[in-house]
Amino acid sequence: MQNISVIGAGTMGNGIAHVFAQSGYKVSLVDISEAALEKGLATIAKNLDRMVNKEKITAADKDKTLANITTYTDMAAGVGNAELVVEAATENVDLKLKIFKQLDEAAPEGCILSTNTSSISITKIAAVTNRPEKVIGMHFMNPVPVMKLVEIIRGYSTTDEVLNVIMETSKSLNKVPVEVNDYPGFVANKILMPMINEAIITLHEGTAGVEEIDTVMKLGMAHPMGPLQLADFIGLDVCLAILRVLQDGYGDPKYAPCPLLVNMVTAGKLGVKSGEGFYSWGHGTKDLIVADNFKK
Ligand SMILES: NC(=O)c1ccc[n+]([C@@H]2O[C@H](COP(=O)([O-])OP(=O)(O)OC[C@H]3O[C@@H](n4cnc5c(N)ncnc54)[C@H](O)[C@@H]3O)[C@@H](O)[C@H]2O)c1
């Protein structure tokens, strides 16, 4: 496999393009927005510079990696000779279904179509194509160049052959693929989101404050960061959306999002991306500053 197309040049798409290009694949990076493509390429260059400065790669490796990436705003042109597509566009069911119909028409017959979705059913996405056996989930973690895991999600119709190709391709990126089946939240978010929700419930009930909850989980459970800080990084809107998928998908009230989380999203307090969540962001300091609402 040589030719990979990545759909979406945002947070995840540029990271995915980066790791494929650095591993020697020819990458076509596709986005509807020219500005997103420019920003994506600038992010890749910046991340490669950081690796050069840390002497993890050479300046020549950086140039080779960037030379492996071509950008497109026209999807049909961007996937015309793809052997594998990794879709990493905005998380929206209708959008993903539309993109997969287009990909099915534009990509070569043998091309495997994968998606980086965090929460949408692979089987549902596969069902709008004429090649459901060649549709699979490749759930990379953020930041992609750093995180080792790729959760590989087998749709209802995905064949063993396609699964094996994707497992081997993930290993060729120096990642560790883990095979899981297609049920709401897959494995990563089915376990992570209830933990984050429980941390928010614990705060809401007044059992402990923001720093106390995060410190218990950091120092007591050896998590690299606390669940409230992690929620701020992921985006509280994203956490809420995934909890709704779990709640709807399993029909189990244990996934019901904490009313505090719902309120914060309604108030536009989305975490790092909006400047405030459980912590206040954008102070140019490494210290975590608890948001005013949660100060004692
Ligand atoms: N951000 C994370 O931590 C994370 C982690 C794992 C998985 N994911 C998943 O990855 C996917 C992308 O998330 P993100 O955080 O990179 O989003 P993002 O908003 O940063 O980027 C999405 C990009 O998709 C582009 N796009 C929208 N419609 C398109 C179309 N029709 N064709 C081509 N490009 C299009 C947008 O212009 C944008 O540049 C989502 O499915 C998300 O659930 C995100």
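Start by selecting helix α11 (residues 236-250) and helix α12 (residues 259-266): these two pack at an angle of about 130 degrees, with their axes 9 Å apart. That angle makes α11 oblique to α12, since angles under 35 degrees count as roughly parallel, over 145 as roughly antiparallel, 65 to 115 as roughly perpendicular and the rest as oblique. The axes are lines fitted to C-alpha atoms, for helices over the stretch in contact, with angles running from 0 to 180 degrees between N-to-C directions.

Before you move on, a word on what you have open: this is a predicted model, where local features need pLDDT of at least 70, side-chain atom pairs count only at pLDDT 80 or more, and totals for chains, interfaces and linings use all residues. Residues are numbered from 1 along each chain as its sequence is written, and side-chain values use heavy atoms, with hydrogens and water left out.

Stay with the helix pair and show side chains. L236, D237, L240, L243 and R244 in α11 meet L261, V262, M264 and V265 in α12; contact here means heavy atoms within 4.5 Å. As for the names, helices (H or I, at least four residues) and strands (E, at least two) are DSSP runs, numbered from the N terminus.

**Next stop: the sheet**

Switch to a cartoon view and pick out the strands. Eight of them form an open sheet, in the order β3-β2-β1-β4-β5-β6-β7-β8, with mixed pairing; two strands pair if DSSP finds at least two bridges between them. Which strands stand at the edges? Select β3 (69-72) and β8 (176-181): each has a single partner strand, so one side of each is left without a neighbour in the sheet. From one strand to the next, the twist averages 25 degrees.

Now walk across part of the sheet. Strand β4 (residues 84-87) runs parallel to strand β5 (residues 112-115), and four bridges join them. Click V86 and you can find its bridge partner, S114, in β5. From β5, step to β6: these two also pair in the parallel sense, over three bridges, and T115 has G137 as its bridge partner in β6.

One more step takes you to strand β7 (residues 149-154), which runs antiparallel to β6 and is joined to it by five bridges. Look there for V150, the bridge partner of F140.

**Then: the annotated residues**

Select G8, A9, G10, T11, M12, G13, D31, E91, K96, S118, N142 and K273, which UniProt lists for "binding site" in an unreviewed entry. UniProt positions are given in the numbering used here, feature names are shortened, and annotations may be inferred rather than shown by experiment. The farthest two C-alpha atoms are 22.9 Å apart, so these residues do not all gather at one spot.

T11 lies in helix α1 (residues 11-22) and is exposed, with a relative accessible area of 57%. K96 sits in helix α5 (residues 93-106), but at 1% relative accessibility K96 counts as buried. Not counting residues up to four places away in sequence, K96 touches E87, A89, T90, E91, T115, T117, I120 and I125.

**Last stop: N68**

Finish in the loop between α3 (59-67) and β3, where you will find N68. Is N68 buried or exposed? At 12% relative accessibility, N68 counts as buried.

How values were computed: Buried means under 20% relative accessible area, exposed over 50%, partly exposed in between (1.4 Å probe, protein chains only).
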